Amino acid sequence: MAYWLMKSEPDVYSIDDMQRDGREMWDSIRNYQARNMMRDDMRIGDEVFFYHSNCKEPGIVGITRVCSEPYPDPVQFDESSRYFDPKSKPQDPTWILVDVEFVRKLSRTITLTEIKAEKSLQDMILTRRGNRLSIMPVLKKHWNKILRME
């Protein structure tokens with residue numbers, strides 16, 4: 001099993017939305033590195049930190065789980081979507097996604113400020129200056145430490 005962190009803006013799709021829906025396709029990712037991780041590295045059963053970004057208090061708010069094989073992101077073919085990609089073709093899709101399912105909300109938000117202050121998490125990708133990835137791998141030692149911080 002691998003561990004991941006996926007970011008979502010809470011005013012777009014929050015942990016509460018995820019809890020309500022139970023399962024959701026992680027669509028509209030338009031970064032090749034993130035796409036490649038979903039396509040090549042994520043497996044059913046991998047656990048994911050659900051991270052609220054671009055908000056007053058960014059941080060890890062819940063846990064989800066990868067629950068599908070990778071497949072083409074349908075919004076890339078939807079001309080009415082802001083994520084439509086006219087270069088992508090159904091027979092050779094550019095953008096790939098996985099579905100994730102709700103596991104649980106954390107008892108509290110583990111804030112980015114707390115994560116950055118924790119010495120044992122200093123080498124976590126999330127804490128790197130200039131990091132803009134919406135999906136990133138999480139080392140098992142970092143996963144365990146963050147859960148202990150809850």
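First, the basis. This is a predicted model, in which local features need pLDDT of at least 70, side-chain atom pairs count only at pLDDT 80 or more, and totals for chains, interfaces and linings use all residues. Residues are numbered from 1 along each chain as its sequence is written, and side-chain values use heavy atoms, with hydrogens and water left out.

Helices (H or I, at least four residues) and strands (E, at least two) are DSSP runs, numbered from the N terminus. Two strands pair if DSSP finds at least two bridges between them.

Now β3, residues 47-52. How many of its residues are buried, meaning under 20% relative accessible area with a 1.4 Å probe, protein chains only? Six of six. Glu47, Phe49 and Tyr51 lie on one side, Val48, Phe50 and His52 on the other, and both faces are covered.

On to the partners. β3 and β4, residues 59-66, run antiparallel and are joined by six bridges. Six residues lie between these strands in their hairpin, and Asn54 takes a positive phi near 50 degrees there. With β1, residues 3-8, β3 pairs in the parallel sense, also over six bridges; Leu5 stands opposite Phe49.

β4 in turn is joined to β7, residues 99-111, by seven antiparallel bridges. Gly62 has Lys105 of β7 as its bridge partner.

The whole sheet is open and mixed, with six strands in the order β2-β7-β4-β3-β1-β8. β2 and β8 stand at the edges with a single partner strand each, so one side of each has no neighbour in the sheet.

How values were computed:
Buried means under 20% relative accessible area, exposed over 50%, partly exposed in between (1.4 Å probe, protein chains only).
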